[in-house]
Amino acid sequence: MNSILWIELVVGIIVSFTLLGIFIWGAKQGQFDDSKKMMNGLLNDSTEDLQDAVKKDEKVKELKANKKEKIKNS
Amino acid sequence: MSKVVPCSHCHLEFDESVMIKEVDNEELNFCCNGCQGVYHLLKDDGLDSFYEKLGKNTLAKPLAVGSDSSNFDMDSFTERYIKKTDEGFNRVDLIIEGIHCAACIWLNEKVLNETAGIVEVNINFTNNKAKIIWDEDIIKLSQIIDKIRSIGYNAYPYNRTDSEMKATKNKKDFFLRMSIAIFASMNIMMIDVAKYTGYFSGIDAEMLRIIHMAEFIFASPVLFYSGWIFFRGAYYGLKNKIINMDFLVSAGSTLTYIYSLYVLFGGAGDSYFDSVAMIITFVLIGKYLEVLGKKSAVDTMDKIKSQIPLEATIILNEEKKVVSLDEIKIDDIIEVKTGEKASVDGEVISGFSSFDESSISGESLPVAKKIGDKIFSGTINTESVIRYKASKNYANSTLNHIVELLEDSLNSKPKIEDTTQEMSKYFSIMILSLALATFAGWFFYEGSFETSLIVGISVIIIACPCALALATPIASLIGISWLTREGLLFKEAKYIETFAKIDAIVFDKTGTLTTGKLSVKNMPLSLSKEELNLLYSLSDSSIHPVSIAVKEYLERSFKDLKHLELENIEQIPALGIQALYNDTVIYGGRLDNNIEYKTTIYHFTINNKLLATFELEDKLREDAIDTIKYFKNENIKTVLCSGDNDFTVSKIAKEVGVDHYNAKMSPIAKADYIKSLRDKGQKVVMVGDGINDSLALSRADISIAMGNGADIAIAVSDIVILNDQLSGIQKSYHISKRTFKFIKQNLMISLIYNIVTIPIAMAGFIIPLAAALSMSLSSLLVVGNSLRIDNKK
């Protein structure tokens, strides 16, 4: 009985510390810097918003590539 | 009967008769052209899902921005505000004006992200600051600003200072430490339930060891990572020969942790890892709230600085030259166009206009300026182009002076008294001494080091100031939620205690004791229907506060007023408005600029024949007299401070019955007055609403802003009366006083608990179960007592 508890304890702690690690990573990325925006994150959670995020990523990639080339040429 | 309908864009409600109507699949109502324009722009660009996200929230009307955005492309601007990123893009930091809800953020970010050339947009909802990175080869900053303005918002640049970056970093650091502490404490609390239930149902030693091991794993990061700041604080305290709160928190928790380790790895007794985690977590949450307060002071300063004009037009050898503010010298000739802000102080040398001096005097009525009159920096030219000679450089000008003083005040806000903190300092020193004495006593009589150490530490543990730590926060929380329900926003819980102890309350006049809006007092002449219609049409042609008041008076007093088509409508600077109607010259305003009126007068003439004279006044708020009476009954000194003239201020002072009044006060004089009261040892509350009050607000022990006040006044205030009613101040005081009464009761309860239990612990009679139960009981007593606060009897 107690040996099962020991295993549960170890597994439980590994899982909770992994989740805590993910949270710390998010916080260090600045995802929780803006408390008000964070609380309203649900509003920007539609398919349309996801598509926008993908489009934005592509646009930024293209802009960065063009800029790099321009700097190289000059 | 007319009904009230919401605007399809901003959702503000207006009478149906004044709305611009449109039918497009559904009936649309707009309160102004600005809202109509933005609505269609969003619809055409496929951004109408904004309204779904907006929900029932309301927006401010779209901001009509007169100044030219090309300023943003000038070299002086680039040099000051634009930075290059490592990848070669441009970066600017802006403060976006007009943001009210998450939908506003979504809209701005979406519109900008879809604009070609913009690499990154990030708008912070909490402080409305935006970071924008763009490719200058594709788009100019002025075009980005125009884009923001086109959807009804406005943007000002600001410089990210070192203090802001430091405050942000500090906030993030505390947030992480606090999150980890809360995470671990919550886990420990869950495990605790099993532990304490185990005491009743019989728990075997091996199971208890597993539980203690789990608590040890969770409590360790709390003490060494989250609690690190207490060790740091204690070290710097000791270095300066001070025993501070940090020392006591770190010493208490480390001793408890070491004792628990001893129990876990073989010793007898019970471990107290839960107490270690709880103490650190509770104190850390309090510290995090303090850090948040400091960060918002930095954000407030940035908002204020972004209002300062960037450059001025000076006349050099009959040519106009745009220079930055630092380049302006005394005796330079400066030109100020309509809508622009004066950059430095000076004296008018040509032209005739009116200036909005609300940032200096708090009065919304523009002040006429003729040759020889003084101009103050930061005031806005509202009528026509004027030239003036600089009498001071920028560094010595009024605006800069106020900004500098405000920065000083915000960085050194009066220290808020906190009874609990004061008490826990003495309490902790006493407990540490008692523990030490217990250890020494037991060691002397028993001779066993182990037993003496355990009994000594048990004194610290039994005295775990749970009830003391909860005494203030629980009562404050209940007080604050009651206040919030009444529309009274306290920015921090600690203001409750200070407010409950005030000696004097200082009120601003315009917008605080009075409504801040002019209204017609009397109209002695009778006019024909045709004349009334002419007067109505004329007053409707100007946005001057006096014209608006006359128009509103006519709308209220007469029915079926007709709008007549006036021609050649012309503003006569500092006097009034003139127009033609079928060759008839109609005029409304003052007749002679040289007469100094004691009240505001509006004359109406047709072909130079005087037909009506209106006297206007700023009305007292309905609850002003009651509020003053209430504070006088509470033996609190009431004072009125205003930038207005002596005649008006004394009249209002007499009407409301304040103990004392001061007229013609500049923002600095108001602040000095507050300081003089505080120097006498009085606790002072300042109530204001305007930019001119912000300095005085920042100097008071407690500052209260009316909900409709200027952004800056609200930003520097500790309490905001959201419903804009003076009775809210009475209610705030009443609730604060009642909450503070309960805080004192709670402190008493926790003290009595300690007086009873500590001697028992010192005698070595405390068993773990008794300790756990009595600790919970004292906390429950404190919580239960606090719940009685909003029991409104």
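This is a predicted model: local features need pLDDT of at least 70, side-chain atom pairs count only at pLDDT 80 or more; totals for chains, interfaces and linings use all residues.
**Entry 1: chain A**

I began with confidence. Chain A averages a pLDDT of 84, and 96% of its residues score at least 70. Within chain A, helix α1 (residues 2-28) has the highest confidence, with a mean of 87. Helix α2 (residues 35-39) of chain A has the lowest, with a mean of 76.

Next I looked up the fold of chain A. I found three helices and zero strands, and from the N terminus the elements read α-α-α. Then I checked burial: of the 74 residues in chain A, buried ones make up 3%.

**Entry 2: where A meets B**

How many residues does each chain bring to the contact? I got 27 residues from chain A and 28 residues from chain B. On the chain A side, the elements giving two or more residues are α1, α2 and α3 (47-73). The largest share of that side comes from α1(A), with ten residues. I also sorted the chain A side by residue class, which gave 13 nonpolar, five polar and nine charged.

**Entry 3: a six-stranded sheet in chain B**

I moved on to the sheets. One open sheet of chain B has six strands in the order β11-β10-β12-β18-β13-β16, with antiparallel pairing. At its edges stand β11 (319-324) and β16 (374-375) of chain B; each has a single partner strand, so one side of each is left without a neighbour in the sheet.

I then followed the pairs one by one. Strand β12 (residues 333-336) and strand β18 (residues 386-390) of chain B are antiparallel and share four bridges. There, B:I333 has B:K389 of β18(B) as its bridge partner. Strands β13(B) and β18(B) also run antiparallel, joined by four bridges. Here B:E347 is the bridge partner of B:K389 in β18(B).

What stands opposite B:E347 in β16(B)? I found B:K374 there. The pairing of β13 (residues 346-350) of chain B with β16(B) is antiparallel and covers two bridges. A reminder to myself for viewing these strands: in a regular strand, side chains alternate between the two faces of the sheet.

**Entry 4: a three-stranded sheet in chain B**

Another open sheet of chain B has three strands, ordered β15-β14-β17 and paired antiparallel. Its edge strands are β15 (367-369) and β17 (380-381) of chain B, each pairing on one side only. Three bridges link the antiparallel strands β14 (residues 353-356) of chain B and β15(B). I noted B:S353 opposite B:K369 of β15(B).

**Entry 5: nonpolar cores**

Which residues have the most contacts inside the largest nonpolar core? The core has 71 residues, and the answer is B:V506, B:L640, B:V685 and B:M686. Helix α25 (residues 727-762) of chain B gives the largest share of this core, seven residues. Domain 3 (311-411) and domain 4 (475-514 + 621-737) of chain B both contribute residues to this core, so it lies between them.

I took a closer look at B:V506. Neighbours within four places in sequence set aside, B:V506 is in contact with B:V639, B:C641, B:I674, B:V684, B:V685, B:M686 and B:V687. Apart from this core lies another, of 43 residues, including B:V38, B:I105, B:L107 and B:Y153.

**Entry 6: B:F14**

I picked B:F14, which sits in strand β2 (residues 13-15) of chain B. Is B:F14 buried or partly exposed? It has 16 other C-beta atoms within 10 Å, so B:F14 is partly exposed. Beyond its neighbours within four places in sequence, B:F14 is in contact with B:V4, B:V5, B:C7, B:M19 and B:C31.

**Entry 7: two positive phi angles**

Last, I noted two backbone angles. B:D331 is not a glycine, yet has a positive phi of about 80°. B:D331 lies in the loop between β11 and β12 of chain B, and counts as exposed because 9 C-beta neighbours lie inside 10 Å. B:N608, also not a glycine, has a positive phi of about 65°. B:N608 is in the loop between β25 (600-606) and β26 (609-620) of chain B. With 8 other C-beta atoms within 10 Å, B:N608 is exposed.

Conventions: Residues are numbered from 1 along each chain as its sequence is written. Chains are lettered from A and ligands numbered from 1 in the order in which they are written. pLDDT is the predictor's confidence in each residue, from 0 to 100. Two strands pair if DSSP finds at least two bridges between them. A residue is buried if 20 or more other C-beta atoms lie within 10 Å of its own, exposed if 12 or fewer, and partly exposed in between; C-beta atoms are placed from the backbone. A nonpolar core is a set of buried Ala, Val, Leu, Ile, Met, Phe, Trp, Tyr and Cys residues joined through C-beta atoms within 7 Å. Domain bounds come from an automatic or database domain assignment. Two residues are in contact if their C-beta atoms, placed from the backbone, lie within 7 Å. Ala, Val, Leu, Ile, Met, Phe, Trp, Tyr, Cys and Pro count as nonpolar, Asp, Glu, Lys and Arg as charged, and the others, Gly among them, as polar.
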